[in-house]
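User: I would like to learn how to read the features of a structure model, one at a time. Could you take me through the general idea and then the case at hand?

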Amino acid sequence: SNNINSNNSSSNVNKNKKKDDDDDGDDAQRKRREIVGERLFNLGFIARNGFLGPKTHMWKSGLLPLTLLRHIPATEDASQLARRALLDAIEARGMYEKIDEIAEFWPSCRWSYC
């Protein structure tokens with residue numbers, strides 16, 4: 001009976017270890033997808049006019065999280081588009097009183113006079 005219990009215990013330990021390994025693999029995969037997504041966003045930001053389309057403005061609608069502004073290319077063109085995206089999002093989402101949230105994204109836009 002003790003032998004059976006010890007076999008079950010080691011089997012449970014192995015299952016738990018495998019689950020932890022799977023979770024680590026999922027986290028690693030999720031991180032890789034995040035990095036690839038950020039790179040694609042960076043590459044497409046200027047080409048897609050900052051995703052400020054006339055019909056579907058992805059920043060105003062909330063389809064794009066403002067956290068993506070941290071990954072814009074380090075160019076003046078990109079900064080200008082990011083400023084417009086942030087200001088449009090503030091207006092559309094009614095963020096006027098959310099100073100902490102606005103301050104979090106402000107540096108991403110690389111304001112030269114603020």
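Analyst: What follows goes from the overall fold to the core, the aromatic rings and the surface. This is a predicted model, in which local features need pLDDT of at least 70 and side-chain atom pairs count only at pLDDT 80 or more, while totals for chains, interfaces and linings use all residues. Residues are numbered from 1 along each chain as its sequence is written, and side-chain values use heavy atoms, with hydrogens and water left out.

User: How many helices and strands does the protein have?

Analyst: Helices (H or I, at least four residues) and strands (E, at least two) are DSSP runs, numbered from the N terminus. Here there are four helices and zero strands, so that the order from the N terminus is α-α-α-α.

User: Which residues of the largest nonpolar core touch the most other members?

Analyst: A nonpolar core is a set of buried Ala, Val, Leu, Ile, Met, Phe, Trp, Tyr and Cys residues joined through side-chain atoms within 4.5 Å; buried means under 20% relative accessible area, exposed over 50%, and partly exposed in between (1.4 Å probe, protein chains only). In this protein the largest such core has 21 residues, and those touching the most other members are Phe41, Phe45, Trp59, Leu66, Leu69, Ile72 and Leu86. Helices α1, α3 (76–92) and α4 (99–105) each supply at least two residues of this core, and α3 gives the most, with seven.

User: How many aromatic pairs are there in the whole structure?

Analyst: Rings of Phe, Tyr and Trp (its six-membered ring) pair if their centres lie within 6.5 Å, and planes under 30 degrees apart count as stacked, over 60 as edge-to-face and the rest as tilted. A search of the whole structure finds five pairs. Phe41 and Phe51 are stacked, because their ring centres are 5.5 Å apart and their planes lie at 15°; Phe41 belongs to helix α1 and Phe51 to the loop between α1 and α2 (58–61), ten residues apart. Phe41 and Trp59, by contrast, are edge-to-face, because their centres are 6.1 Å apart and their planes lie at 80°. Trp59 is buried, at 0% relative accessibility, and ring pairs link Phe41, Phe45, Phe51 and Trp59 into a cluster.

User: Is Leu40 buried or exposed?

Analyst: Leu40, which lies in helix α1 (residues 2–47), counts as exposed because its relative accessibility is 56%, whereas Phe41 is buried at 6%.
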